[in-house]
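Subject: Structure for your review

Dear colleague,

Please find below the sequence and the structure that I am handing over to you. My findings follow directly after it.

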Amino acid sequence: MTDKKPVVDEQSVGQELSIEQRATVGLSQGAIVRRRFLQHRGAVVSVFVLLFLVLLAFTSVGTVIGGTGKLTPDPSGTRLIVDGFRIPGWWGYTWWERYDIMLPGGAPTFTWWPFSFGEHPFGQDNTGKDVFARVMRGMQQSLNVVFIVGIISTVIGVVLGALAGYYRGWVDQVIMRITDVIIIVPLLILGAVLGQTIGGDAFLLAVMIGLIAWTGMARLVRAEFLSLREREFVDAARVAGASDFRIIFRHILPNTVGVIVVSATLLMSAVILLETSLSFLGFGITDPDISLGQIISQYNEAFKTRPWLFWWPGLFIVVIALCINFIGDGLRDAFDPRQKRVPRQRSLGSEIGTFFKAYVPGARPGARPGDGTSNK
Amino acid sequence: MLTFVARRLVATLLVLLVASFIVYVLTANSGDPLRELRGSRDPSAQDQIAYLSGLLNLDQPPVLRYFSWLGGVGACFIGQCDLGISVARGQQPVIEAIGGALGSTLQLVLAATILAIVIGVAIGMTTALRQYSGYDYVVTFLTFVFYSLPIFWVAVLLKEFGAIQFNSFLGDPVIPWWSILIIGLVMGFIGSSIVGGELRTRVISFVSVGGGIAALLILLDVTRWFESPSIGFVGIALMSVATGAVVLFTSTGFHNRRALLAVGIIVVLTVILSWPFQFLFYYVNSPWTVLLVLAILVGLGLLVGFFVGGDGKAVVARTAAIVGGLGVLPLVLDQMFIRWDEYVARIPLSNGVIATIGASTPAIRRVDDTWLNMLDSLTHMLLPTIALMIISLAAYTRYARASLLDVMNQDYVRTARAKGLGERTVVMRHAFRNAMIPIATIIALDFGAVIGGAVITERVFAWQAMGSLFNEGLHRIDVNLVMGFFLVTGILAVIFNVIADLLYSALDPRIRVS
């Protein structure tokens, strides 16, 4: 986070810079960034949690590639099958079939003591569908949307921002006016109108959101380009005869990679909330397909009788969004050249520890560097 | 400054015009408004389809329909608004639908925004001043969590969990000892973190804040205050003294004797005047009396400040006026809580005191009593406002913290310290104002998120307000209804932009000069 910039008195600035310089001597830019990122404990943990969730979502119930996702009876007429190429997973139940209800009301079979998952660890809904399978499928779709939107928006935002910032003049005017028009409509409103138009398909919804969510990225990239295009290395490239295309993509763009990566990450955490909100309102992914928001919308009347239908999808949304946010924070720290290392090495836990140590005589917090302002 | 605001206003209006065209065409193309009728077996269905098609000009392409709609909007300038009719609502004119829906959404959005700004800026500033303290880390972590919360989930949780828990607590208002202990410890922790300083100061602030809050809770519990809450004379006095102390602490500090005297006088005046004001509130039962009382108290504050102020008239008068203005709050709350028993008697038996459905109780809406209606709105707005506020709160906290940290690093702040100014003067007079400049721009940016959040919150709490216009309109492809919603939110967005620009130019002199 850029706002973590500590308040340092004159003396320690010199010291820290020298420490910083010594620590990064002989390292490539990528190595410095990687090293800084690995120091952000929250971000590293989040990467692993997110990877685990992606694996869990896709391997557990398998997935469906292509097809309309509609349910049709199979040739023997006993089961429903889903349209498209189906890859089965290791979980024994599917997200669309009904099963015998195990516990009264379809309560979760998960128990802590003795520890066991049982047949339906997250419970069943009132028609006997397995909630674990449904949540996993919902998570797949929500993650799909997040990644597709992330890619589309980043590409559009980067290209348009780069063009506007590099060429300025009327190109800039046109692109920025388009951006203004999209920004003034709340994203949820525009997303809902588009979602209603395309009617419930996850892939199309993701493309549509991707087409409107690039505005913030374009503005940031444009600002970066506006300042970078005045630098000497751009002049040098131009004198050497490089084409505009080459200057934009080979010379300037690599210098904006930090801004792009960070803002793409934060965009993705906003997208999961947007997609689930749209699906909650009924303008996003709709039945028979599943998204985490759609599950909550479908079951929110049943909160009093079957709270487990409500807790799990919400929990997974929060965990995914939190992980992406933490990764974004870690990336921002890693790409920020002004980053000072001293305060960041304190984790939340040790900070709370220091605070309570404050009540033990002799140990006083606030005596470390970077606290110039808080000592009255 | 005026040209700056005017130029921005014109640009925003043009952008809004183009955006309205896009939304109109997209909505019109998103489906068939007469789908239900087309599937109907009713013999009169064909006639209805023909009638509605004619009424909505469905034979024309959406682009043409947009311009006839725009013509209707343009007619507003000559006093003949025509926003079309709503098919989804039995051919009710959209302007009527807006009229019935606007008030509650406006209240919700404004309350959530103002609360988010005030609380967010306060939290962000305190964390910036106590950077790298435990409090700072806890708040930073919590802003991450709040950023990641889906608003519909929070709203449903508040509705199904918060309201029901609180209502059953009000049914038998006994605060268990452990929750008093936890609340006391947490408040003590926050208090001592904000005060900071040496170990001794921290322990004192921990004990006094935590102990004070715990004692207050125990007092409320013992006197069974929650059974029929009231403010009364004592409550008004306590709240006025507390607001006076907070305002005095942040603006001039207690060492400024003249300010202390002025604030003391205005607090005493508020408490004394609360008695005659009661009769005013009772006999002139109208929301305008609140403004009248506000004007009286602010005026008294200015007068007192002027006469007591001495050398620092402006500062003292401002402080006293703010204290006087805030003194209206306990008076209004007192009036509302006087009607508590009447309110409880009038709400449906199945509902709890904290309502979870709708924006008001119909039975109370019919009673011609401003204060009772206010209390009713308050209990209905409480949970949606919290849900809506939580999301913006995280953003404001983070930006306020980042912005104040940036400013506190600058040379002029060091200069201010170097010439011997106190920490309060440095922070409140020199740093705060400049730190607010980025916040002013965020108000306009955050507005879209608030409107989106309002649509979701109103859906969860079943409000018949602007959000339901949009939901209903879009589900049934009722373009006029959706555009009614869009028009109102667009105008609100323009107003928020202008407010942000005005704040911006008030805070940043460079804008005023150029």
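In chain B, the mean pLDDT is 87, with 99% of the residues reaching 70 or more. These are confidence values, as the model is a predicted one. Among the elements of chain B, the lowest mean pLDDT, 72, belongs to helix H22 (residues 509-513) of chain B, and the highest, 93, to helix H18 (residues 411-418) of chain B. Chain A averages a pLDDT of 81, and 82% of its residues score at least 70. Where pLDDT is low, predicted coordinates should not be read in detail. The model as a whole has an ipTM of 0.88 and a pTM of 0.86.

Overall form of chain B

The secondary structure of chain B consists of 22 helices and two strands. Its C-alpha atoms fill a box of roughly 85 × 60 × 45 Å along the principal axes. Chain B has a radius of gyration of 26 Å, which agrees with the value near 24 Å that a compact globule of 514 residues would have.

Contact between the chains

Between the two chains, 52 residues of chain B are in contact with 53 residues of chain A. On the chain B side, the elements that give two or more residues are helix H1 (2-28), helix H6 (134-147), helix H7 (151-171), helix H9 (199-222), helix H17 (370-408), helix H19 (423-460) and helix H20 (466-475) of chain B. H1(B) supplies the largest share of this side, eight residues. By class, the side of chain B that touches chain A has 30 nonpolar, 15 polar and seven charged residues.

Helix packing in chain B

Two of the helices on that side, H7(B) and H17(B), also pack against each other: their axes come within 9 Å and cross at roughly 145°. The crossing of H7(B) with H17(B) is right-handed. From H7(B), the residues Ile151(B), Val154(B), Ala155(B), Leu158(B), Lys159(B), Gly162(B) and Ala163(B) meet Leu383(B), Ile386(B), Ala387(B), Ile390(B) and Ile391(B) of H17(B). This contact of H7(B) with H17(B) comprises 10 nonpolar residues, one polar and one charged.

Helix packing in chain A

Two helix pairs in chain A may be of interest to you. In one pair, helix H3 (residues 41-60) of chain A packs on helix H4 (residues 131-167) of chain A at an angle of about 120°, with the axes 8 Å apart. H3(A) and H4(A) are therefore oblique to each other, and their crossing is left-handed. On the H3(A) side, Leu53(A), Val54(A), Leu56(A), Ala57(A), Phe58(A) and Ser60(A) take part, and they meet Met136(A), Met139(A), Gln140(A) and Leu143(A) in H4(A). The contact of H3(A) with H4(A) has eight nonpolar residues, two polar and no charged ones.

In the other pair, helix H6 (residues 187-198) of chain A and helix H11 (residues 257-281) of chain A have axes 10 Å apart and pack at an angle of about 55°. That angle makes H6(A) oblique to H11(A). H6(A) and H11(A) cross in a right-handed manner. H6(A) contributes Leu187(A), Leu188(A), Gly191(A), Ala192(A) and Gly195(A) to the contact, while H11(A) contributes Leu274(A), Ser277(A), Leu278(A) and Leu281(A). The residues of the contact of H6(A) with H11(A) are six nonpolar, three polar and no charged.

With kind regards

Conventions:
Residues are numbered from 1 along each chain as its sequence is written. Chains are lettered from A and ligands numbered from 1 in the order in which they are written. This is a predicted model: local features need pLDDT of at least 70, side-chain atom pairs count only at pLDDT 80 or more; totals for chains, interfaces and linings use all residues. Axes are lines fitted to C-alpha atoms, for helices over the stretch in contact, and angles run from 0 to 180 degrees between N-to-C directions. Helices (H or I, at least four residues) and strands (E, at least two) are DSSP runs, numbered from the N terminus. Angles under 35 degrees count as roughly parallel, over 145 as roughly antiparallel, 65 to 115 as roughly perpendicular and the rest as oblique. A crossing is left-handed if the near helix is turned anticlockwise from the far one by less than a right angle, and right-handed if clockwise. Two residues are in contact if their C-beta atoms, placed from the backbone, lie within 7 Å. Ala, Val, Leu, Ile, Met, Phe, Trp, Tyr, Cys and Pro count as nonpolar, Asp, Glu, Lys and Arg as charged, and the others, Gly among them, as polar. pLDDT is the predictor's confidence in each residue, from 0 to 100. The radius of gyration is taken over C-alpha atoms; the globule rule is 2.2 Å times the number of residues to the power 0.38.
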